Amino acid sequence: MPGLKAPSDYSQEPPRHPSLKINSKDPFNAEPPRAALISSYVTSVDFFYKRNHGPIPIVDDLERYRVSIGGLVEQSIELSMDELRKLPKYNITATLQCAGNRRTAMSKMRTVKGVGWDIAALGNATWGGAKLSDVLEIVGIPKLSSNSSLGGRHVEFISVDKCKEEKGDPYKASISLRQATNPEADVLLAYEMNGEVLNRDHGFPLRVIVPGVIGARSVKWLDRIDIIKDECQGFFMQKDYKMFPPSVDWDNIDWSTRKSQMDFPVQCAICSLEDDNLINQGKITVAGYAVSGGGRGIERVDISVDGGKKWIEAGRYQKDMPYFADDDLGSEKWAWVLFKAVVDAPENGEIIAKAVDTAANVQPENVDVIWNLRGILNTSWHRVRVQKASYVAKSNL
């Protein structure tokens, strides 16, 4: 790709915030501290999780950069950044979440394969760019189309990013043409993040944002967009990011029996506390995030301090305002909801959080029922342990 190249090694990586928890150095995969994650409704670029599969691509000549759009269309085109910027610009606030978020907790039950993420492999940002539905109209595909005139039913995004899983070929993923051409799906070709030009870690100069869907489909460092007949056959669509039952292991897995994961399930986690906490006060603030895929809102977040016998409902917020799960009242349907509750701290016990979305989907109580060999989509109740200092002192007498 003229103007954009993928390095062969990690010698030219961009700088990162020193507070990030590094889960993998090469390629670089990292997440912020829990408390930092929810310090703001919109996640700062520094504290937005970093998910990479190889060395970070480099733009050496932005004027020469083009994204090509082709495949099963009447006429292929190439668009420069200047041409993309002349299209109507939209700002969409959306949460991206790695499918492996909370994998470490799942691995404690039984070992899984993948980067060991805590609870912060997600972030909420305002993305700026052109809607993909507008761009596809340029190549003759009307809005709300399920098929192109030449039989295309899927839209494939191909990066310049080279990764070992693709045996040195580029990272790629796809979504349905129906989703891509639906203006209400808000799929973006984004060139801004939080009002600034994308940085290298997050896809400069151009990336896809597919709201409500696992982060693996929001391809960074775009090279090509192809209209294709069948779903993308890349590694990350066909041999990864699929949800298998607990009975499947590496000896009996058949990747073809499961669909590629798209929407993420309802999820919440406590960010104001670590896994183990020693506290002094009688009251404690329980705060965190809740989010559901597919544009579904958060109906409520429940908190328990007695192992799930009794529950209280946490307050919910977006943009520092009370949140209502109703798009007509100004909620941002692709964005997370922050929650907060002040509770009486148990002397020695567990604090639990679980969320319910507007389709009445609820997080499962235990991780064992959703365990899978790739450790994706751990949406079990989030639990943290607390002990009062006075209890510890008495126990040591």
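User: To start, how many cavities of 30 Å³ or more are there?
Analyst: The model is a predicted one. The count comes to 2 cavities of 30 Å³ or more.

User: How much space lies in the largest cavity?
Analyst: The largest cavity holds about 260 Å³ of space.

User: Which residues of its lining lie nearest the centre?
Analyst: R51, R207, G215, S218 and K220 lie nearest the centre of the largest cavity, and its lining has 22 residues. The elements that give two or more residues to that lining are β7 (89–97) and β9 (154–162).

User: How do the residues of that lining divide by class?
Analyst: The lining of the largest cavity has 10 nonpolar, 6 polar and 6 charged residues.

User: And the second largest cavity, how much space lies there?
Analyst: About 50 Å³ of space lies in the second largest cavity.

User: What lines the second largest cavity?
Analyst: Its lining is formed by Q97, C98, A99, N101, F264, P265, Q267, L377, N378 and T379. By class, 5 of the residues lining the second largest cavity are nonpolar and 5 are polar, with no charged residues.

User: Changing topic, which residues does the UniProt domain annotation cover?
Analyst: The unreviewed UniProt entry carries the annotation "domain: Oxidoreductase molybdopterin-binding", which covers residues 53–235.

User: How far apart are the end C-alpha atoms of residues 53–235, and what is the helix and strand content?
Analyst: The end C-alpha atoms of residues 53–235 are 12 Å apart. The span is 34% strand and 12% helix.

Key
Residues are numbered from 1 along each chain as its sequence is written. This is a predicted model: local features need pLDDT of at least 70, side-chain atom pairs count only at pLDDT 80 or more; totals for chains, interfaces and linings use all residues. Side-chain values use heavy atoms; hydrogens and water are left out. On a 1 Å grid over the protein atoms alone, a cavity is a set of points where a 1.4 Å probe fits but cannot get out, and a pocket is an open set with protein on both sides within 12 Å along at least five of seven lines; lining residues have an atom within 4 Å of a point. Grid points are joined across faces, edges and corners, and a volume is the space filled by probe spheres set on the points. Helices (H or I, at least four residues) and strands (E, at least two) are DSSP runs, numbered from the N terminus. Ala, Val, Leu, Ile, Met, Phe, Trp, Tyr, Cys and Pro count as nonpolar, Asp, Glu, Lys and Arg as charged, and the others, Gly among them, as polar. UniProt positions are given in the numbering used here, feature names are shortened, and annotations may be inferred rather than shown by experiment.
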